[in-house]
Amino acid sequence: GLVQLNQGSDGIICFLWKNRVTGQVDPTDEQYIFPEEAVFKLVNQVKDGRIFLLEFNDSKRKLFFWAQEPSANKDELY
């Protein structure tokens with residue numbers, strides 16, 4: 001899959017998880033995030049892979065995403 005972040009002019013971020021083959025987005029994987037509502041970060045405690053966390057500040061909701069690309073060299077590009 002592909003994580004895609006789109007920020008509107010109102011500051012709201014649309015967080016999408018897309019199927020890389022079909023380009024389809026499952027509506028249940030679409031999140032609208034208000035400014036300062038959540039953080040998306042690398043989980044540094046994982047040593048045998050690369051895991052990213054979407055953590056919401058106002059709840060205990062956490063979504064984890066495993067990066068299949070082992071190198072961080074192209075993170076900014078992706």
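# Salt bridges, rings and a core

Reader: What is the distance, N to O, at which the side chains of E55 and K41 meet in a salt bridge?
Author: A salt bridge is a side-chain nitrogen of Lys or Arg within 4 Å of a carboxyl oxygen of Asp or Glu. The side chains of K41 and E55 meet this rule, with an N to O distance of 3.5 Å.

Reader: How many residues apart are E55 and K41?
Author: Strands are DSSP runs of E with at least two residues, numbered from the N terminus. E55 belongs to strand β5 (residues 50-56) and K41 to strand β4 (residues 38-42). The pair thus links distant parts of the chain, and its separation is 14 residues.

Reader: What pLDDT must side-chain atom pairs have to count?
Author: Residues are numbered from 1 along each chain as its sequence is written, and side-chain values use heavy atoms, with hydrogens and water left out. The model is predicted: totals for chains, interfaces and linings use all residues, local features need pLDDT of at least 70, and side-chain atom pairs count only at pLDDT 80 or more.

Reader: Which residues are linked with E55 in a network of salt bridges?
Author: The structure holds two salt bridges. Besides the bridge to K41, the side chain of E55 meets that of K62 at 3.7 Å, N to O. The residues linked with E55 in the network are therefore K41 and K62.

Reader: Is K41 buried, partly exposed or exposed?
Author: Buried means under 20% relative accessible area, exposed over 50%, and partly exposed in between (1.4 Å probe, protein chains only). K41 has 39% relative accessibility, so this residue counts as partly exposed.

Reader: Which residues make up the largest nonpolar core?
Author: A nonpolar core is a set of buried Ala, Val, Leu, Ile, Met, Phe, Trp, Tyr and Cys residues joined through side-chain atoms within 4.5 Å. In soluble globular proteins, nonpolar side chains tend to be buried together. Here the largest such core has six residues in all: F15, I33, A38, L54, F56 and F65.

Reader: How far apart in sequence are the parts that F15 and F65 tie together?
Author: There are five aromatic pairs in the structure, a pair being rings of Phe, Tyr or Trp (its six-membered ring) with centres within 6.5 Å, stacked if the planes are under 30 degrees apart, edge-to-face if over 60 and tilted otherwise. The rings of F15 and F65 have centres 5.3 Å apart and planes at 50°, so this pair is tilted. F15 is in strand β2 and F65 in strand β6 (residues 62-67), so the separation in sequence is 50 residues.

Reader: Are F15 and F65 buried or exposed?
Author: The relative accessibility of F15 is 1%. F65 has a relative accessible area of 13%. Because values under 20% count as buried, both F15 and F65 are buried.

Reader: Are the rings of F40 and F52 stacked, tilted or edge-to-face?
Author: The centres of these two rings lie 5.6 Å apart. The planes of F40 and F52 are at 15°, so the pair is stacked.

Reader: Which residues form one aromatic cluster?
Author: F65 touches F15, W17, F40 and F52, among others, not counting residues up to four places away in sequence; contact means heavy atoms within 4.5 Å. The members of the aromatic cluster are F15, W17, F40, F52 and F65.

Reader: How far apart in space are C14 and I33, C-alpha to C-alpha?
Author: C14 lies in strand β2 (residues 13-18). In sequence, C14 and I33 are 19 residues apart. In space, their C-alpha to C-alpha distance is 6.4 Å.

Terms used:
Helix = DSSP H or I, 4+ residues; strand = E, 2+ residues; numbered from the N terminus.
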